[in-house]
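Please keep the structure open beside the text while reading.

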Amino acid sequence: EPIVSAISLAFYRVDLGGGRLRIYGGANATSTLLWDCAGCEEIPPILHASSHALYVTLETEAEPDGLGFEARYYASFTEGRGVGDGEMRLAAASAPSVRAPYVGDTLASGLDLNWHVDVGGGSNVLLVANAIDIPDCAQGSLTIYDGSVSNDAILDTFCGSTSTKWLASSGPEMILRLQTFTEIAGRGFDVAYFSDRT
């Protein structure tokens with residue numbers, strides 16, 4: 001049975017009119033509170049829990065006028081493959097940390113995962129690589145595409161000894177594609193993105 005070392009949760013719809021949502025990084029409401037929002041519609045950044053569980057509570061009025069929320073998660077564990085279908089949609093205006101699904105200090109072999117950033121409107125995506133930990137390009141890479149599909153123009157590919165740098169999209173969408181060809185003794189990547197959307 002796999003042992004989960006972390007969970008990442010990404011929202012792509014939040015409409016909490018008449019409701020309150022709380023997310024805890026653990027197995028119950030005494031765990032660390034990661035996010036608390038009442039009546040909001042703003043999508044939060046990705047939430048990361050360094051535990052085997054997330055605890056979610058949703059309280060509503062008798063007749064809420066919101067539609068609730070929609071989110072996806074992925075767990076990090078030995079031989080974990082990230083998100084089941086390989087696609088994670090990110091709709092928050094910004095995120096201080098988007099991470100690879102590493103376990104300990106290792107990434108599994110054979111990963112092919114996409115994070116689709118869509119900040120909407122007329123905004124552009126500004127991405128900064130906080131940390132790239134893919135020691136050898138023959139083992140894998142993180143490729144950044146300028147658009148909504150992985151055959152759009154490549155902005156950059158991170159692997160080997162890549163220095164921290166900023167990238168900007170030409171529109172509101174960007175694809176981050178992680179591929180691993182062997183098991184990697186590294187955490188893959190940790191990037192942040194921003195936009196001028198409020």
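1. The largest cavity is lined by Ala10, Phe11, Pro44, Pro45, Ile46, Leu90, Ala91, Ala92, Ala95 and Tyr193. A cavity here is a set of points, on a 1 Å grid over the protein atoms alone, where a 1.4 Å probe fits but cannot get out, and a lining residue has an atom within 4 Å of a point. The volume of the largest cavity is about 30 Å³, and the structure holds one cavity of 30 Å³ or more. Volume means the space filled by probe spheres set on the grid points, which are joined across faces, edges and corners.

2. What kinds of residue make up the lining of the largest cavity? Ten are nonpolar, none is polar and none is charged. Ala, Val, Leu, Ile, Met, Phe, Trp, Tyr, Cys and Pro count as nonpolar, Asp, Glu, Lys and Arg as charged, and the others, Gly among them, as polar.

3. A word on the source: this is a predicted model, in which local features need pLDDT of at least 70 and side-chain atom pairs count only at pLDDT 80 or more, while totals for chains, interfaces and linings use all residues. Residues are numbered from 1 along each chain as its sequence is written, and side-chain values use heavy atoms, with hydrogens and water left out.

4. Phe11, one of the lining residues, also belongs to an aromatic cluster with Trp35 and Phe69. Rings of Phe, Tyr and Trp (its six-membered ring) pair if their centres lie within 6.5 Å; planes under 30 degrees apart count as stacked, over 60 as edge-to-face and the rest as tilted. The count comes to five aromatic pairs. Among them is the tilted pair of Phe11 and Trp35, at 5.2 Å centre to centre and with 50 degrees between the planes. Phe11 lies in strand S1 (residues 4-15) and Trp35 in strand S3 (residues 32-38), so the pair ties together parts that are 24 residues apart in sequence. Strands are DSSP runs (E, at least two residues), numbered from the N terminus.

5. Buried means under 20% relative accessible area, exposed over 50%, and partly exposed in between (1.4 Å probe, protein chains only).

6. Ala95 and Tyr193, both in the cavity lining, are also bridge partners, with Tyr193 in S15. Strand S8 and strand S15 (residues 188-194) pair in the antiparallel sense over three bridges; two strands pair if DSSP finds at least two bridges between them. Both strands belong to an open sheet of four strands in the order S8-S15-S10-S13, with antiparallel pairing. Its edge strands are S8 (95-99) and S13 (166-168), each pairing on one side only. The twist averages 25 degrees from one strand to the next, where axes are lines fitted to C-alpha atoms and angles run from 0 to 180 degrees between N-to-C directions.

7. A second open sheet has five strands in the order S7-S9-S14-S11-S12, with mixed pairing. Its edge strands are S7 and S12, each pairing on one side only, and the twist averages 15 degrees from one strand to the next.

8. S7 pairs with S9 (residues 112-118) in the parallel sense over four bridges, and Met88 stands opposite Trp115 in S9. Leu113 also lies in S9 and is buried, with a relative accessible area of 4%. The C-alpha atoms of Leu113 and Met88, 25 residues apart along the chain, are separated by 8.0 Å.

9. How many residues of S11 (residues 140-145) are buried? Six of its six residues are. Gly140, Leu142 and Ile144 point one way, and Ser141, Thr143 and Tyr145 the other way. S11 pairs with S14 (residues 173-180) in the antiparallel sense over six bridges, with Tyr145 opposite Ile175. Four bridges join S11 to S12 (residues 154-158), and these two strands run antiparallel; here Leu142 stands opposite Phe158.

Key: 1 Å grid on protein atoms, 1.4 Å probe; cavity = no way out; pocket = protein on both sides within 12 Å on 5 of 7 lines; lining within 4 Å.
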